[in-house]
Amino acid sequence: MVTTVRSLGLHGIAGYEVSVECFLSGGLPSFDVVGLGDTAVKESRERVRAAVKNCGAKFPVSRITVNLAPAGQRKEGTVYDLPILLGILRCAEELPELPANAAFIGELSLTGGLRGVNGVLPMAMAAVRAGITELYVPAVNAAEATLAEGVAIYPVSDVASLVAHLKGEEPIAPAPRWEKTTARGGGPDFSDVMGQENVKRALEIAAAGGHNVLMIGSPGAGKSMLARRLPSILPDMTRKEALEATEIWSVAGLTDANSPLLVERPFRSPHHTLSSVAMTGGGSFPRPGEISLAHNGVLFLDELPEFPRDVLEALRAPIEDGEVTITRASGSITLPSRFMLVGAMNPCRCGWYGHPSGRCTCTEAQVKKYVEKISGPMLDRMDIHVSVPSVEYEAMRRRETAESSAEIRKRVNAARDIQKKRFEGTEVLCNAQMTPAMVGEYCKLDAAGEKLLKNAFERLGLTARSHDRLLRVARTIADLDGAEDIGAAHLAEAIQYRNTDILKGST
């Protein structure tokens with residue numbers, strides 16, 4: 001007898017349907033799992049055997065063959081434990097016929113309980129596309145699975161309760177759809193930052209348009225403090241953006257059972273000792289890296305020159321394309337990676353170059369060598385270069401409270417609303433994502449603006465890329481002002497954020 005149980009698998013961050021085919025035949029007792037499974041899939045034989053016996057059922061004494069179709073697609077993980085067990089019990093006539101529109105996923109414990117698995121959200125969304133209307137998942141994953149609309153989610157705590165449900169003895173109630181109950185807030189706030197008004201303005205512009213930022217300043221000036229408060233002024237994610245980010249985090253096993261949907265934009269701050277694979281993603285079975293985990297959020301690289309050269313250069317294509325393609329022996333996958341890149345660096349190795357105290361011990365050659373750790377093409381991709389000066393004593397001791405993140409976010413949201421209307425009907429969500437054609441359409445200048453831009457282009461030695469990025473920043477500044485056209489003042493402010501002096505070892 002052959003029984004087919006519907007299940008789901010993962011390829012990168014995309015789910016797909018897997019058919020678990022079970023066949024019981026005569027001959028010496030054996031248990032084989034075929035279909036290009038990894039070690040975890042092969043080991044499911046022992047988990048299934050123990051779970052069947054410990055849930056009160058009888059494990060068949062026969063030759064058991066399980067095929068995971070499509071057999072040419074590599075499969076990994078423990079997600080197939082539950083469907084394999086159900087297929088064996090059905091073949092042994094311990095269960096009635098399974099619903100044709102149902103799919104099952106879950107890892108088994110030896111006692112018959114179900115443990116959670118990674119990647120439930122993309123698999124649930126794949127179930128909807130495959131026409132599956134009932135999805136049985138571990139109870140701990142149920143809230144996350146309900147985020148996929150169009151499929152009933154049944155939370156399963158153990159095999160015994162599922163068997164009773166399938167026999168019609170004790171039905172399992174579908175899980176209610178998870179809804180957000182907590183309001184945004186509670187994180188680091190810009191009201192904590194004293195002084196640095198110019199840097200706050202630059203970060204407000206960056207948040208309003210989704211632009212990349214490079215902050216240069218001496219130690220203790222507040223670069224990291226400011227960067228960690230950037231998410232507090234970013235606009236709320238749309239449901240589509242939240243689902244995209246949550247899918248990636250789900251595959252990486254970073255979602256929370258109590259709050260399965262990412263409601264805050266991701267903020268990733270990897271240490272400078274990470275490898276290029278950890279940054280872009282990869283492995284024997286390719287997995288998301290830091291740039292994908294930061295999708296629709298912020299990737300903060302503190303001490304930027306300390307990152308290995310190959311790690312920084314690996315960011316160049318994803319910054320432009322908004323995605324990264326990983327090719328390994330096991331296959332090739334493309335992962336989304338549209339993020340705001342925020343970098344922070346000291347002006348020299350000792351950190352004090354240009355400081356009023358004059359305590360820098362670096363020579364001009366050493367300063368130049370330190371800055372050259374960041375390539376020209378990478379600097380060209382930073383929309384805003386801003387100097388972070390040391391905070392003055394008076395600013396540190398003032399008693400009034402600085403402007404809060406909520407107040408700044410109101411202006412950011414107003415600018416983003418303008419951009420939503422501007423790009424309605426396209427895949428573009430903010431000014432930083434404008435195509436060259438859009439730059440030509442929405443960033444037109446008057447005669448004074450053209451003259452100013454030409455002078456800046458020649459004086460600063462701008463490239464075609466930095467020319468377009470400068471206009472995108474100017475468009476964002478105009479949006480913050482509520483202006484329909486880019487004025488000379490907007491363009492002049494954008495030009496001052498193209499600090500090419502960093503290339504010469506000064507700020």
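Residues are numbered from 1 along each chain as its sequence is written. Since the model is predicted, local features need pLDDT of at least 70 and side-chain atom pairs count only at pLDDT 80 or more, while totals for chains, interfaces and linings use all residues; side-chain values use heavy atoms, with hydrogens and water left out.

**Stop 1: helix H3**

Helices (H or I, at least four residues) and strands (E, at least two) are DSSP runs, numbered from the N terminus. Is H3 mostly covered or exposed? H3 is mostly covered, with 11 of its 11 residues buried. Buried means under 20% relative accessible area, exposed means over 50%, and partly exposed is in between (1.4 Å probe, protein chains only). Among the buried residues are Asp 81 and Arg 90, as well as Leu 82, Leu 85 and Leu 86.

**Stop 2**

In soluble globular proteins, nonpolar side chains tend to be buried together.

Now show what surrounds Phe 104. Leaving out residues up to four places away in sequence, its contacts (heavy atoms within 4.5 Å) include Val 5, Leu 82, Leu 86, Tyr 136 and Leu 166.

**Stop 3: helix H4**

Select residues 120-129, helix H4. Here 7 of the 10 residues are buried, and the helix is mostly covered. The buried residues are Val 120, Leu 121, Pro 122, Met 123, Ala 124, Ala 126 and Ala 127. Which elements cover them? The cover includes strands S1 (2-11), S2 (14-25) and S8 (134-138), along with helices H5 and H9. Just after H4, Gly 131 takes a positive phi of about 85°.

**Stop 4: salt bridges**

A salt bridge is a side-chain nitrogen of Lys or Arg within 4 Å of a carboxyl oxygen of Asp or Glu. By this rule the count comes to 25.

Select Glu 149 and Arg 177, whose side chains meet in a salt bridge of 2.6 Å, N to O. Glu 149 lies in the loop between H5 (142-145) and S9 (152-156), and Arg 177 in the loop between H6 (159-166) and H7 (197-209), so the pair ties together parts that are 28 residues apart in sequence. Arg 177 is partly exposed, at a relative accessible area of 41%.

Next select Arg 465 and Asp 380, which form a salt bridge with the closest N and O atoms 3.2 Å apart. Arg 465 lies in helix H20 (residues 464-481) and Asp 380 in helix H15 (residues 376-380), so this pair ties together parts that are 85 residues apart in sequence. Arg 465 is partly exposed at 30% relative accessibility, whereas Asp 380 is buried at 11%. Both belong to a network of salt bridges that also links Glu 320, Arg 381, Asp 383, Arg 469 and Arg 498.

**Stop 5: Glu 493**

Glu 493 is in helix H21. Is this residue buried or exposed? Glu 493 is buried, with a relative accessible area of 17%. Its salt bridge with Arg 201 has the closest N and O atoms 2.8 Å apart. Arg 201 lies in H7, so the pair ties together parts that are 292 residues apart in sequence. Arg 201 counts as partly exposed, at 25% relative accessibility. Leaving out residues up to four places away in sequence, Glu 493 touches Arg 201, Ile 205 and Ile 477.

**Stop 6: the largest pocket**

Finish with Arg 338, Glu 427, Leu 429, Cys 430 and Gln 433, which lie nearest the centre of the largest pocket among its 48 lining residues. A pocket is an open set of points on a 1 Å grid over the protein atoms alone, where a 1.4 Å probe fits, with protein on both sides within 12 Å along at least five of seven lines; lining residues have an atom within 4 Å of a point. H9 (239-251) and H20 are among the elements that give two or more residues to this lining.
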